[in-house]
Amino acid sequence: MKVTSVLFAVLLMYGNCLAGNDTANSTAGVTEQHFSRHIKKAVRTDGKLDPTDIKPITPAAGITTGFVLVYGHFVQPPYQVRVENNKVLLNGVPVGPGITEKDILAGRANELRKKANQIFCDGNGKRSPGVLAAEILALFENSPDTVINAKWNKIEPPPNGVLLVYWKGNLELPDLQFNPAACVIQRRLSGVEATRDINKRNHEMDGYSRSFQKSLEEGKLLFFGSDGSIVNLPSDEIGKLNEAINDETLERKELIEKLKKMSFTRHSAQEIIRNYEPK
């Protein structure tokens with residue numbers, strides 16, 4: 001009987017605590033609900049650093065108009081945009097094409113493919129096919145930052161065998177096949193192609209840099225998301241963005257939908273909610 005009474009008392013107290021919490025939550029107002037859904041400034045539940053945290057450098061002089069958000073973080077003006085190492089930097093932060101995790105993985109994957117072809121072309125006819133196969137396979141096996149797994153799909157070494165590579169980031173690239181005839185063409189065009197690729201990349205980055213500068217000079221809102229999205233909006237959209245973020249009556253889902261109507265992707269909207277604090 002005593003045990004039953006004690007158990008009943010504990011359950012009663014627990015029920016009162018739950019009721020008290022519900023009451024507290026209901027009377028805390030919308031503000032508490034608002035902040036509970038706004039995880040701020042690179043906070044992750046797994047304890048790891050947020051790769052979208054940034055460290056912009058504010059220059060002494062630059063473009064004073066415009067409004068910039070990178071991964072949802074506000075970047076303080078003045079703004080300087082320049083090209084360095086085939087990337088566009090805005091106040092020292094890489095923005096635009098080529099900066100997402102998938103872009104970086106794709107770049108590393110293409111470099112590995114080029115190295116594999118170079119190994120084959122340099123060694124074809126000079127080293128045994130088995131040695132070449134092992135060397136090429138080792139190249140991919142020693143690249144765990146880019147490759148999950150690699151294997152020859154036939155017992156035969158190159159050029160008859162095909163190398164199957166399973167890439168990180170769900171990259172979908174053609175299987176590697178090696179053709180001795182292609183090596184002659186590759187040697188003939190490698191220098192020309194390399195120069196052409198560099199010039200093309202530099203031209204593209206210069207174009208993006210000029211475009212971003214022009215938008216800032218016109219006072220526009222520039223957003224760069226970690227998913228590679230770029231949003232370029234008129235200056236009057238800045239007020240609409242601040243209004244949406246400050247609207248305490250909106251639930252998270254409603255806020256995301258409102259931001260999507262402003263041309264942000266769902267991923268970008270989530271970054272804004274997490275990292276942007278209206279100025």
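Modeller: Buried means under 20% relative accessible area, exposed over 50%, and partly exposed in between, with a 1.4 Å probe and protein chains only. This is a predicted model, in which local features need pLDDT of at least 70 and side-chain atom pairs pLDDT 80 or more, while totals for chains, interfaces and linings use all residues. Numbering starts from 1 along each chain as its sequence is written, and side-chain values use heavy atoms, without hydrogens and water.

Colleague: What share of the chain is called buried?

Modeller: Of its 279 residues, 34% count as buried. The chain has eight helices and nine strands, taken as DSSP runs numbered from the N terminus (helices H or I, at least four residues; strands E, at least two).

Colleague: What makes the span of helix 4 close to the expected one?

Modeller: The expected span is 1.5 Å times one less than the number of residues. Helix 4, residues 129–141, has 13 residues and reaches 18 Å from first to last C-alpha, against 18 Å expected.

Colleague: Which residues of helix 4 are buried, and why are they said to line one face?

Modeller: Leu132, Ala133, Ile136, Leu137, Leu139 and Phe140 in helix 4 are buried. Down the axis of helix 4 these buried residues fall within an arc of 150 degrees, so they line one face; the arc is taken over directions from the helix axis to the C-beta atoms. Their cover includes helix 3 (101–123), strand 6 (147–152) and strand 7 (163–167).

Colleague: What makes strand 8 a partner of strand 1?

Modeller: Two strands pair if DSSP finds at least two bridges between them. Strand 1 (residues 67–70) and strand 8 have four bridges in the parallel sense, so by that definition they pair. Val68 stands opposite Leu222 in strand 8.

Colleague: What links strand 8 to strand 9?

Modeller: Four bridges join strand 8 to strand 9 (residues 230–233), and the two run antiparallel. Leu221 has Leu233 of strand 9 as its bridge partner. The two strands form a hairpin with five residues between them, and Gly228 in the turn has a positive phi of about 90 degrees. From strand 8 (residues 221–224), Leu221 and Phe223 point one way and Leu222 and Phe224 the other, and all are buried.

Colleague: In the open sheet of three strands, what is the order, and why are strand 3 and strand 5 called edge strands?

Modeller: The order is 3-4-5, with antiparallel pairing. Strand 3 (81–84) and strand 5 (93–95) each pair on one side only. Strand 4 (residues 87–90) is joined to strand 5 by three bridges, and Leu90 has Val93 as its bridge partner in strand 5.

How values were computed. Contact = heavy atoms within 4.5 Å.
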